[in-house]
Structure formats: C-alpha cells, structure tokens
Amino acid sequence: MYILVVSGMSGAGKSNALRVLEDIGFLCVDNLPINLLGSFVDLCRNTEPAVERVALVIDSRTSVFRFSIDRMFAALDTLNDPYEILYLDCSNELLLRRYNETRRSHPMHDDAAAGILIERELLQPLKERANYVIDTTDLKPPQLKTMLMESLFSQVISKFRLVITSFGFKRGIPLNADTVIDMRFTANPYYESSLRSLSGRDKPVRDYVMSDPLVLKQLENITASLKELIPAYRHEGKRRLMIAFGCTGGRHRSVAMAEALYENMREVCDTTIEHRDLLIEADDISERFGK
C-alpha cells in the first residue's frame, strides 16, 4: 500500500488537493491523529479488496493530540509501507487575506497573523523532508489539479484500465457501462444452425461476424477513437472506461466484437474483457434446442 501524507499551511489548498486525490482513486482521510495511524492502516490492509493508495492529511490541527514531526515519522516508519509527503505552502499575505475574508479561526491562534507564524515554524521540519512542495499562492484550483495529475503522481497513479464487455439486450444494459454499442445491425449467427451452439469466441462465429464490412469499419473507428481519447481521459483523472457491446442474447455478435477490440487494445493500455451473458445464453439455447 502506498501512503501519501498531505500537509502544509492551513488555507494553502489541502482540501482541494484531497478532492483531486479522491477522484484518482486514493482513499482520503482528513486530520488523522498520529496515534490512530497504525490502526487505520491495518484496517485498509484487511479490507476486501485491499486498499492500494491512501492520502492522509496530517497538519497543525493534530497539535491537540500532542503532534510532533518526530512522532509522525516514527509512526510512518513502523508501517513498512512506502510513503511520500506532499507539502502545500502559500504566502503569509494571501493566507491572512483568506482568513480575514472567511472570518474563520486559525487552528494555532485566535489572531490569524500570529497563528500563521506559529504554524510555519511548527511545520518547517516537515516541509524540509517533503518529497513534493507546491506553492499555491498563484495557483487556481484547476491549475493545482493539473500539477498534481501531470507532474507529481505520474508514477503513483494506476494505469488507465479499459474494460470491454459483452451483454444481451434481453437481460438489460450494464448499468456501469460508459459507452454502449449495439451490434444488432449485422446478421445474427444464431439463425445459422451450424453456428448457434458456438459463441463469438469461436473462430467460425468470429469469421461470420467479421465478414460484414460494416463491422470491420466499426471496429477500426472504435479502435482509433479509443487510442485518441484515452490520453484525454487520463488527463481529466478518469482511470476506468467500460465499453459494452450488446446483441440480442449476448453470445455471438457482441462477444465477437468485444474479443476483436480486446485484441486491438490490449497492447495500448491495461485492458480486461468480460462476457456477462455468454454462459446463461448457452443454457437458454441448450434448453430450447436440446443441444
């Protein structure tokens, strides 16, 4: 499990950073007391499926729990999990203006100006050991998101995953599909007695479906579109895309097309394939025709 500690000055944008991290698959926890760190990590390890990436905001607010930099690093080092530190900074002038505008109390002092100075001194050792330091003084939230996405965590964020699935319309459209493509425009192998008991994973059915020039053209267009769009999806923080091919029963045309697209995309990105109704449709066919 990878742990990212998010810290820095109050008002410097930690909440915005946490929202970005949550969008790209981190389990995020704000203001976690150090003495609960071990229990929390154990909980993440023992869940099913196990949590892979955690972002923890640990900052001056934990001073009520006798926070210290040394205690924090000692607790992290006992976990035997890789961790890095992201530190968000901002100019004193802008921080003071933000506190004056929002009229919120500073966690370190009733007087915001004094609190900023106390907090900066408290967190300076943490800033010196941080892996990433971002000054948000001149950054707007979209710019902070871009910096986090493109620069800092390119090696941490999991690969983009393309999920290709087949299904039968008679059993409903997959609710988690991002794009649904209807394959019922091409001839149905179901009506060929020699192909009925086979599936789109079998070569005779694949050859039958792919003999339609429209199917080949559609496959070519979808492949080209995905290769062009996947980098854009990644840029926007999307890490999973499901393309669902549907036909009447979900055994012949949709399966053949899903298999063909999988062959085209498996070297492009992390690609998985699923056939939702392949087996249940085989049972229906066997029951209906006794085969």
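Trainee: How do the residues lining the largest pocket divide into nonpolar, polar and charged?
Mentor: Seven are nonpolar, eight polar and seven charged (Asp, Glu, Lys and Arg count as charged; Ala, Val, Leu, Ile, Met, Phe, Trp, Tyr, Cys and Pro as nonpolar; the others, Gly among them, as polar). This is a predicted model, so local features need pLDDT of at least 70 and side-chain atom pairs 80 or more, while totals for chains, interfaces and linings use all residues. Numbering runs from 1 along each chain as its sequence is written, and side-chain values use heavy atoms, without hydrogens or water.

Trainee: Switching to rings, how many aromatic pairs are there?
Mentor: Four, counting Phe, Tyr and Trp (six-membered ring) with centres within 6.5 Å (planes under 30 degrees apart are stacked, over 60 edge-to-face, the rest tilted). Phe 167 and Phe 169 make an edge-to-face pair, 4.9 Å centre to centre with 65 degrees between the planes.

Trainee: Is Phe 167 buried or exposed?
Mentor: Buried, at 0% relative accessible area (buried is under 20%, exposed over 50%, partly exposed in between, with a 1.4 Å probe and protein chains only).

Trainee: And why is the Tyr 190 and Phe 289 pair put where it is in that scheme?
Mentor: Their planes are at 65 degrees, so the pair is edge-to-face, with centres 6.0 Å apart. Tyr 190 is buried at 13%, whereas Phe 289 is partly exposed at 35%. Those two and Tyr 191 form one aromatic cluster.

Trainee: Which charged end sits over the ring of Phe 289?
Mentor: That of Arg 196, 4.2 Å from the ring centre (the rule: NZ of Lys or CZ of Arg within 6 Å of the centre and within 35 degrees of the ring normal). Arg 184 sits over Phe 169 at 3.7 Å.
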